[in-house]
Amino acid sequence: MTEVILEISRWAIPAVLLFVPTYGYLKGIRVYEVFVSGAEDGFRVAVKIIPFLVGMLVAIGVFRASGAMDLLARFLDPLLSVAGIPGEVLPLAIMRPLSGGGALGVAAELISHYGPDSFIGRLASVMQGSTDTTFYVLTVYFGSVGIRRYRYALALGLIADISSLLAAVVICRAMFGG
Amino acid sequence: MVNLVWLLMLVAGIAVAGIQGRIAVVTEAALEASQMAVNLALELIGLMALWLGLLKIAEEAGLVALLARAMRPVTRYLFPEIPQDHPAIGAILMNLSANILGLGNAATPFGLKAMQELQRLNPSQEEATPAMCTFLGLNTGCIILIPATIIGIRAAAGSTDPTVVVGPTIMATGISMIAAVAGDRLFRRLYGRRG
């Protein structure tokens, strides 16, 4: 089972790289020239994101490195234990929407410390796989077109994050005990 | 809201570091993060070029239009204000497909393309439209069928059953997708006709 899924995910990108240009060629498209004209845009968009990314990553970096994030986790712990969320995964829950790389590090640490087949290890796996890095997505997506006022997008993203966190806890408790 | 969250992260971080007498950490973190932001953007250039090039082929070959036609009932419900043959729809669908299949590095280029197209329909240019908020909500709360990265980490950590988390992940992401759609409907109503 594991091998099948990993093999599928190894094949996904090569399959797209094979299928799209071949299909295009059969439809009579000058595939290479069209590819290059589409690719042109990449540079401009990436450069436009930089100021937004700097602003957001600096704030997150300071928040995290200073220990304020751990403090927030300790402060929220009693509140969340009422909701049945184990304190061990709390740093992951807070890190997840802020920093993709940071969250992956925390998840990998939890998995190796508690063991991949422990309840905490499984819960951490589901939490890590279940949501996106909301702040990164908002910063990069809005930044790329120069949107500064996000309206309710952040609130909506956090609602999605919290519901996937709660769902992960409830589902893991039901399926894996613990 | 984003202004307040941003300020609070900075103020809280500096206050905590200052009280603990480790204020140098702040400077170090700030400089390091700004450098990291540029590196991330640079990495994105190549990815963007690769996937936008493929997207262009898929568009001209009519693949994107095929996908858009198949998904029309869904997109008409989620994005009522976008003309259904607009290129934004195709880019949104490509982005969500990449998310669902766990192809994280393809999702961002498609997503940015979608934002460009959505921005063309935006009268304000500085404020997000409801369609953009819906799109971002779907993006962060998207159903995921193949959480490949975490399966790899579990396998590497010596798990006896690395894929046991796939089912729960699909369920949890399904629930967060429902929450995102429901939340979006609610916010749209709360914000009313304003934009």
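I looked up burial in chain A: 51% of its 178 residues count as buried (20 or more other C-beta atoms, placed from the backbone, within 10 Å of the residue's own). I note that this is a predicted model, in which local features need pLDDT of at least 70, side-chain atom pairs count only at pLDDT 80 or more, and totals for chains, interfaces and linings use all residues. Residues are numbered from 1 along each chain as its sequence is written, and chains are lettered from A in the order in which they are written.

I then checked the secondary structure of chain A and found nine helices and zero strands (DSSP runs, H or I of at least four residues for helices, E of at least two for strands, numbered from the N terminus).

I turned to the contact between the chains, which takes 88 residues from chain A and 93 residues from chain B (C-beta atoms, placed from the backbone, within 7 Å). Helix 3 of chain A gives the most to the side of chain A that touches chain B, with 18 residues.

Finally, I examined helix 6 and helix 7 of chain B, whose axes come within 10 Å and cross at roughly 165° (lines fitted to C-alpha atoms over the stretch in contact; angles run from 0 to 180 degrees between N-to-C directions). Helix 6 of chain B and helix 7 of chain B are therefore roughly antiparallel (angles over 145 degrees). Gly111(B), Ala114(B), Met115(B) and Leu118(B) of helix 6 meet Ala131(B), Met132(B), Phe135(B) and Asn139(B) of helix 7.

Conventions: Two residues are in contact if their C-beta atoms, placed from the backbone, lie within 7 Å. Angles under 35 degrees count as roughly parallel, over 145 as roughly antiparallel, 65 to 115 as roughly perpendicular and the rest as oblique. A residue is buried if 20 or more other C-beta atoms lie within 10 Å of its own, exposed if 12 or fewer, and partly exposed in between; C-beta atoms are placed from the backbone.
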